[in-house]
Amino acid sequence: MMNNKAILMQGNEACVEGAITAGMRFYAGYPITPSTEIAELCAERLPQVGGKFIQMEDELGSMGAVIGASLTGVKSMTATSGPGFSLKQENIGFASLTEVPCVIVDVQRGGPSTGLPTSPAQGDVMQARWGTHGDHPIIVISPYSVKETYYMAIRAFNLSEKYRVPCILLMDEVVAHMRERVELDDIKNVEIVNRKRFKGSPLPYKPYMDYDGDKIPPIVDFGKGVPFHVTGLIHDASGFPSTNPAVTKELISRLMSKIYDNLDDIIDYENVYTDDAKIVIVTFGSTARSTLQAIKVLRQEGLKVGMLRLKTIWPFASKAILELVNTSVKHLIVAEMNYGQLIQEVKATAEGAFKVDGLNKYSGELITPWEIIDKVKEVAKDA
């Protein structure tokens with residue numbers, strides 16, 4: 001694709017192009033609105049760069065195919081929405097436990113069940129974190145523009161490869177389907193991260209051995225002459241099942257620690273006008289666009305309002321909330337297109353330091369700037 005040139009691009013298209021730039025060469029999926037363009041574009045683009053596209057029979061199979069391809073050393077991705085995301089959850093758990101790098105794009109739509117296939121929503125926040133069972137590591141990031149979608153697709157692969165963990169790119173229908181004028185950096189200026197590979201000694205290779213002390217085992221590509229065992233059961237460093245409580249504790253602790261020991265590298269967020277704000281709106285995805293417009297109007301009217309935009313949803317950016325303590329901020333408003341999911345984490349983190357209100361909307365419609373303006377004025381009047 002052309003670089004350093006302004007082009008008109010759709011969010012789903014930006015996702016595909018970013019993934020290809022990151023090195024994605026395998027895609028398996030099943031078409032589902034509003035993510036379908038991702039599958040369509042992968043079917044067109046991957047053969048052009050020596051990659052493979054497979055339309056699977058369902059979302060369960062597509063997630064399994066992505067895991068299998070990644071084990072052979074190929075950067076792999078799938079995309080889905082709503083019911084398809086639910087179907088992928090068992091294999092997302094398998095990828096978490098077996099530490100298989102992969103990227104899952106969830107273009108959120110209204111739910112539950114079949115819900116509102118063509119309407120915007122942000123109701124998968126908690127499912128993205130806890131959709132699969134058991135304690136497990138996960139990274140979830142969320143873009144708010146077409147251009148950011150391109151770079152977040154790259155970052156999703158970088159994080160997945162670096163930490164050997166599934167990474168979820170949590171988009172929403174608005175970002176996926178909008179078209180914007182974007183200018184992209186030259187590919188040679190974009191950082192690309194590849195998974196840490198086993199150097200060949202000492203043998204026998206243990207696929208879950210923390211050789212380097214960073215809690216991220218090096219990996220060998222399937223078919224490269226070094227056999228190893230992969231199982232969804234709790235396993236020891238050799239990859240074989242174990243029911244030993246000490247082995248269980250060691251494995252789960254390492255899986256969680258490799259994420260929570262690296263929060264500063266993983267978590268990303270943006271502060272807008274928070275230096276002098278009395279009210280801060282915490283939000284993410286397309287809702288941040290309405291928030292930015294509302295802030296412009298409110299500041300012109302003399303109200304000191306700011307925004308904390310979460311680019312990383314999970315692990316949660318508790319530090320970003322706590323950084324607002326001992327500032328002029330007195331009140332937080334959590335704006336999200338659901339009945340109140342992210343707000344629970346904000347309230348738990350705030351721990352009485354701020355008043356926390358929610359601005360929620362679930363009707364297949366956006367939260368508009370005017371609704372945000374009205375909510376801020378209501379809060380300001382009560383302050």
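View A. Y339 is exposed, its relative accessible area being 73% (exposed is over 50%, buried under 20%, partly exposed in between; 1.4 Å probe, protein chains only). Together, L116, Y339 and Y362 make a nonpolar surface patch of about 340 Å². The model is predicted, with pLDDT of at least 70 needed for local features and 80 or more for side-chain atom pairs, whereas totals for chains, interfaces and linings use all residues. Numbering runs from 1 along each chain as its sequence is written, and side-chain values use heavy atoms, without hydrogens and water.

**View B. Salt bridge between R289 and E180.** The N to O distance of this salt bridge is 2.4 Å (a side-chain nitrogen of Lys or Arg within 4 Å of a carboxyl oxygen of Asp or Glu). Because R289 belongs to helix α11 (residues 287–300) and E180 to strand β8 (residues 179–183), the pair ties together parts that are 109 residues apart in sequence. R289 is partly exposed at 29% relative accessible area, while E180 is buried at 18%.

**View C. Salt bridge between E378 and K375.** The closest N and O atoms of E378 and K375 are 3.8 Å apart. Both residues lie in helix α14 (residues 369–382), three residues apart, so about one helical turn separates them. E378 is partly exposed, with 41% relative accessibility, whereas K375 is buried, with 15%.

Notes
Patch = residues over 30% accessible without salt bridge, like charges linked within 9 Å, V, L, I, M, F, W, Y side chains within 5 Å. Areas by Shrake-Rupley, 256 points an atom, 1.4 Å probe, with all protein chains shown as cover. Helix = DSSP H or I, 4+ residues; strand = E, 2+ residues; numbered from the N terminus.
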